[in-house]
Structures are given as C-alpha cells and as structure tokens.
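Q: Can you walk me through this one? I'd like to go residue by residue first, then look at packing and voids.

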Amino acid sequence: MEANRQLKEFLAPYDSDIQELSYALRAFITSTIPEANELIWDNYNAVAIAYSKSEQLKDAFCHLAVYAKHVNFGFNRGVELKNKLIKLEGKGKLIRHLKVTNMEGFPRNEIEEMIYQAVGIADHRNPQLINKISAGLSIVMSVSNKKVRPK
C-alpha cells in the first residue's frame with residue numbers, strides 16, 4: 001500500500017533514524033496484513049498510525065506511535081493476546097506495546113505471530129471483518145493544530 005502523501009509531512013520533524021524506523025515498521029505491518037487499512041492521526045504529542053480491516057479505530061489490531069527517540073509498536077487489545085511471545089509494556093486496561101529503537105533488535109517472528117493473534121481478536125469482536133478483503137487504504141483521520149515535535 002502506498003502511504004498517504006501527508007504521512008511524509010507528519011514525520012518530517014523527526015530525526016531521519018526515527019523516520020526510517022517508522023517506515024520499516026509500517027512496511028512490516030502492511031506486508032504481514034496487506035488488506036489492512038492505515039488510519040493516521042497527527043496528534044498533539046505523537047504521530048499515531050493504527051491498522052484495521054475496517055476504517056474504524058475500534059477494529060484496529062495494532063498501531064505505531066512515533067516519538068522523538070523511539071516508536072511504540074502497540075497492540076490495541078494487547079492484554080487479550082493469549083500467547084505473549086515477548087514481554088509488552090503498558091498498565092492500561094487494554095493496550096500493550098513494545099518500545100522500538102531500531103530494526104536490528106526487533107523480534108520479527110514473534111511480533112508477526114502476535115499480529116495474527118491480534119487480527120483474530122479483532123475479527124472475533126466484529127465478525128464482519130472475518131475474510132474481509134479491504135483495499136488497504138492509507139487515510140488521515142485527524143490533524144491536531146497544536147503539536148509537540150522534536151526540534
């Protein structure tokens with residue numbers, strides 16, 4: 001899937017290493033689940049990108065949150081993952097994430113398995129998603145006027 005043209009603009013304030021990491025993680029997700037839609041928020045404190053087989057956040061199975069020094073690779077219902085192949089961070093009711101600083105140490109195989117589990121959870125919560133093949137759209141959902149970005 002081709003990224004929404006605005007994504008490059010949203011990531012421009014970040015260091016080139018973080019931009020490259022963001023694109024590498026994006027490519028990993030979209031190659032694992034090519035039918036996923038990419039839902040993009042240029043939020044106050046981070047660029048957030050959710051992946052869903054619908055065009056709604058409630059159906060998202062994973063996400064990226066881009067910060068100045070790392071990217072969080074998150075699972076929207078991470079607490080519900082049955083086989084946690086790696087330890088995820090987070091203390092909230094649902095979301096869990098892995099802090100990623102480079103692709104060299106990124107546990108590709110384990111995360112891929114967890115993505116498949118997460119898609120299964122999303123499909124179970126919304127059976128209309130089962131066997132749904134979407135166009136794999138890259139959609140900007142919102143842009144915050146005020147932002148905190150790296151200098």
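Q: Where does Lys91 sit?
A: Lys91 is in the loop between S4 and S5. Strands here are DSSP runs (E, at least two residues), helices are DSSP runs too (H or I, at least four), and both are numbered from the N terminus.

Q: What kind of model is this, and how are residues counted?
A: This is a predicted model, where local features need pLDDT of at least 70, side-chain atom pairs count only at pLDDT 80 or more, and totals for chains, interfaces and linings use all residues. Residues are numbered from 1 along each chain as its sequence is written, and side-chain values use heavy atoms, with hydrogens and water left out.

Q: Back to Lys91: buried or exposed?
A: Lys91 has a relative accessible area of 85%, so it is exposed. The classes are buried for under 20% relative accessible area, exposed for over 50%, and partly exposed in between (1.4 Å probe, protein chains only).

Q: And how far is Lys91 from Val79?
A: Their C-alpha atoms are separated by 9.5 Å, and the two residues are 12 apart along the chain.

Q: Next, Leu57. Which loop is it in?
A: Leu57 lies in the loop between S2 and S3. Its relative accessibility is 45%, so Leu57 counts as partly exposed.

Q: What does Leu57 touch?
A: Leaving out residues up to four places away in sequence, Leu57 touches Leu39, Trp41, Ala50 and Asn76. Contact means heavy atoms within 4.5 Å. As for Glu80, 23 residues from Leu57 along the chain, the C-alpha separation is 17 Å.

Q: Which residues make up the main core?
A: The largest nonpolar core has 36 residues, and those with the most contacts inside it are Phe61, Phe73, Phe75, Ile111 and Ile115. A nonpolar core is a set of buried Ala, Val, Leu, Ile, Met, Phe, Trp, Tyr and Cys residues joined through side-chain atoms within 4.5 Å.

Q: What's in the second core?
A: That one is separate and has 5 residues, including Leu39, Trp41, Ala50 and Ala60. Leu39, Trp41 and Ala50 are also among the residues that Leu57 touches.

Q: Switching to voids: how many cavities?
A: The structure holds 1 cavity of 30 Å³ or more. The volume of the largest cavity is about 50 Å³.

Q: What's the definition behind that?
A: On a 1 Å grid over the protein atoms alone, a cavity is a set of points where a 1.4 Å probe fits but cannot get out; a pocket is an open set with protein on both sides within 12 Å along at least five of seven lines; lining residues have an atom within 4 Å of a point. Grid points are joined across faces, edges and corners, and a volume is the space filled by probe spheres set on the points.

Q: Which residues line the cavity?
A: The lining of the largest cavity consists of Ala60, Phe61, Phe75, Asn76, Arg77, Gly78, Leu81, Ala118, Ile121 and Ala122. H3 gives the most to this lining, with 3 residues. By class, 7 are nonpolar, 2 polar and 1 charged. Ala, Val, Leu, Ile, Met, Phe, Trp, Tyr, Cys and Pro count as nonpolar, Asp, Glu, Lys and Arg as charged, and the others, Gly among them, as polar.

Q: What volume does the largest pocket have?
A: About 240 Å³. Of its 15 lining residues, the closest to the centre are Ala48, His63, Leu64, Ala65 and Ile95. The lining has 10 nonpolar, 5 polar and no charged residues.

Q: Last one: where is Ser138, and what does its side chain reach?
A: Ser138 is in strand S6 (residues 138-143). The side chain of Ser138 reaches the backbone nitrogen of Asn4 at 2.8 Å, and a polar contact of 2.5 Å joins it to the side chain of Glu38. A polar contact is a pair of N or O atoms within 3.5 Å; within protein, one must be able to donate a hydrogen and the other to accept it, and residues adjacent in sequence count only if both atoms are side-chain atoms.
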